[in-house]
Amino acid sequence: MKRYEKFVLEAEKDITFEVSEGTSGELIIRALNIATSNVYSTNYVNPPIPDGYKHVCGEWNNGFVIERCSDGSQFVWIPVGSLDSNGTLDGEHFSEKFGRRNYRNDEFSDDEFSDDEFNEALNGELLEQFESVKKYGGFYISRYNISKSSAGKPQSVKGVMPWVNINFDDAKKVASTIEDNEAVKSHLTFGAEYDSVLEWFIKTEIKTLAEIAEDSTEWGNHWSTENSPKKVVETGSREEWCANNIYDFAGNVDEWTQEQNKSSFRVIRGGNYYGNGRYYPVAYRGFDNPYDDYNCTGFRATLYIK
């Protein structure tokens, strides 16, 4: 049998190969698709600024904020490329910089990923975002909870009441209308995006794991917060409720995400003004009927840079 000293492997763009040795000494070559290839741009230190936006404050590692010139809506850059590879896109393998985390899988709580089968399919908008994150090294998330302008348009601005009493389907539709052009597309936050933000808070040491997974009382509008207003308040009301230039990620209103549990209820995150920050910290995964609306549930939007 003829033997070759070398060989060449060719594949489509974004396909990489993993080479290993089998138990019998054979050479094993596996093709890895975009969903499993953990390669992120190192250019996350230079966030892209889309047309129609301007940089207003912050640096890439502490809250780089851009503002849409047309209405003042603001978004914060999440430098995913700087994170540790401890996230998951399939719920089983925790080896991605971009992905969901299970912060509350400890001796004080159940393994939520397995017990309640939280899941998120890597297709459609999430796959597009994943490709964008790997290309640019990060993504943008709304600085504030989405609110409604006087003209009824969604916006991410300071000093207005969050948009609540909205069910999941409507929140998803509204989020998708915030931006839609040749360069940028918006969507309702995914669990992979939400947890990437939390991981960034930990990485930059602006918040500890305990403040995220055990007790968010001190950095959010929770019922248990000292001098809590005991009601939903305007976006960006207090500086102590800000982390890396993102306001009200913990407390005030919890937020619809596109993650779901085994019963297809949609996951809400962040806790709200009526909850206790110790029992419902920012990392806690609650879930609600997607067809119902609640007076303490709002939403955020993220941008997909094409």
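1. The side chains of glutamate 67 and lysine 54 meet in a salt bridge, with an N to O distance of 4.0 Å; the term stands for a side-chain nitrogen of Lys or Arg within 4 Å of a carboxyl oxygen of Asp or Glu. The pair links distant parts of the chain, since glutamate 67 belongs to strand S4 (residues 65-68) and lysine 54 to strand S3 (residues 53-57), 13 residues apart. Helices (H or I, at least four residues) and strands (E, at least two) are DSSP runs, numbered from the N terminus. Glutamate 67 is buried, with a relative accessible area of 17%, whereas lysine 54, at 42%, counts as partly exposed; buried means under 20% relative accessible area, exposed over 50%, and partly exposed in between (1.4 Å probe, protein chains only).

2. On the basis for these values: this is a predicted model, in which local features need pLDDT of at least 70 and side-chain atom pairs count only at pLDDT 80 or more, while totals for chains, interfaces and linings use all residues. Residues are numbered from 1 along each chain as its sequence is written, and side-chain values use heavy atoms, with hydrogens and water left out.

3. Glutamate 179 and arginine 68 also meet through their side chains in a salt bridge, at 3.4 Å from N to O. Because glutamate 179 lies in the loop between helix H3 (168-176) and strand S11 (184-188) and arginine 68 in strand S4, the pair ties together parts that are 111 residues apart in sequence. Glutamate 179 counts as buried at 10% relative accessibility, and arginine 68 is likewise buried at 10%.

4. A further salt bridge joins arginine 100 to glutamate 259, the closest N and O atoms being 2.8 Å apart. Here too the pair links distant parts of the chain, with arginine 100 in the loop between strand S7 (94-96) and helix H1 (112-115) and glutamate 259 in strand S16 (residues 254-260), 159 residues apart. Arginine 100 is buried at 2% relative accessibility, and glutamate 259 is buried at 0%. Both belong to a network of salt bridges that links Arg100, Asp195, Glu259, Arg269 and Arg285; a search of the whole structure finds 13 salt bridges.

5. Helix H4 (residues 191-203) has 13 residues and reaches 18 Å from its first C-alpha to its last, close to the 18 Å expected at 1.5 Å a residue, the expected span being 1.5 Å times one less than the number of residues. Because 11 of its 13 residues are buried, H4 is largely enclosed by the rest of the structure. The buried residues of H4 include Glu193, Asp195, Glu199 and Trp200. Just after H4, glutamate 205 takes a positive phi of about 65 degrees.

6. Glycine 277 is placed in the loop between strand S17 (266-269) and strand S18 (286-288), and counts as buried at 0% relative accessibility. Leaving aside residues up to four places away in sequence, glycine 277 touches Glu214, Asp215, Ser216, Thr217, His222 and Ser224, where contact means heavy atoms within 4.5 Å. Glycine 277 and serine 216 are 61 residues apart in sequence and 4.8 Å apart in space, C-alpha to C-alpha.

7. The structure holds 0 disulfides, a disulfide being a pair of cysteine sulfur atoms within 2.5 Å. Cysteine 242 is in no disulfide, and the nearest cysteine sulfur, that of cysteine 57, is 9.0 Å away.
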